[in-house]
Amino acid sequence: MELNKQRFEAKTVEEAITNATVSLGMTSDELGYEVIEKGSSGFLGLNSKNAVIEVWKKADEEKLLAEEAAKKEEAKAEEVTEETANTSVESDADNSSDNDENVTTDNNDKKPEKKYVVDDKAADETKAFLKDVFSAMNLQVEIETTVNEEEQVLEVELSGPEMGVIIGKRGATLDSLQYLTSLAVNRKVDNHTRIKLDTEDYRNRRKATLENLAKNTAYKAKRSRSSVSLEAMNPYERRIIHSALQDDKYVTTHSEGEEPYRHVVVVPKK
């Protein structure tokens, strides 16, 4: 919908507004207007110019603004739904523009309203995809799947003699594999399935390491009374740092930079 504007002109702006109210059968307070040309009387009546205004109904303007606001809210809702649907429960590696700063201010861990269904087909497709991947990598890996009903996630435990290769530097390979598995599986199942890959309890061990890092960094920031920047991390790891320090009375945290160089900054409170 576009705002319907009409032009009116007269010797003065006031007369042009009067002409508009008469023509449209409305009062002046029901109309909005913009002065296009103020008009001029010229010199001794020569080269005079009429005033020109554009007029529209305020009711139409309010309706248009309401429609635009509704469209923006709908777009935001679609973005949130899409992000939730495509984000794996742990790494969130498929979301390059995370809102990890919000973690520190939200002490109420609300679970997503959307219900995820983990069926046998999802588990079978997960195993089939991973077997093909590991076969191509010439790796011998045992794959066990478990449905975590509380978290609504398909947990995949990997085991074998070369798990270091699968984990990669700071879990980067494991996160990438988790992301690719999620993409591949969800193309073949009806209900979106959240998938979590782990091996040798790496997720919990990494979480403990990051929590210790967060506390040490907070101590350093408090002692030096200056901000301390951490190395670049993925969204999931940044959230761990934020969460570990969200109740700290002496520091705050936020993220800076663009992916893949986005990092957490620990700032002492004044």
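Two strands are taken to pair if DSSP finds at least two bridges between them. Strands (E, at least two residues) and helices (H or I, at least four) are DSSP runs, numbered from the N terminus. The model is predicted: local features need pLDDT of at least 70, side-chain atom pairs count only at pLDDT 80 or more, and totals for chains, interfaces and linings use all residues. Residues are numbered from 1 along each chain as its sequence is written, and side-chain values use heavy atoms, with hydrogens and water left out.

Strand 4 (residues 142-148) and strand 5 (residues 153-159) run antiparallel and are joined by 7 bridges. Isoleucine 143 has leucine 158 of strand 5 as its bridge partner. The two strands form a hairpin, with 4 residues between them. In the turn, glutamine 152 has a positive phi of about 55°.

An open sheet contains 3 strands in the order 1-3-2, paired antiparallel. Strand 1 (6-10) and strand 2 (31-37) each have a single partner strand, so one side of each lacks a neighbour in the sheet. On average, neighbouring strands of this sheet are turned by 30° against each other, direction ignored. Strand 2 pairs with strand 3 (residues 51-57) over 6 bridges. Here glutamate 37 stands opposite valine 52.

Helix 1 (residues 13-24) lies across strands 1, 2 and 3. Its direction is about 130° to strand 1. Axes are lines fitted to C-alpha atoms, for helices over the stretch in contact (heavy atoms within 4.5 Å), and angles run from 0 to 180 degrees between N-to-C directions.

The charged end of lysine 5 sits over the ring of tryptophan 56, 5.0 Å from its centre. This requires NZ of Lys or CZ of Arg within 6 Å of the ring centre and within 35 degrees of the ring normal.
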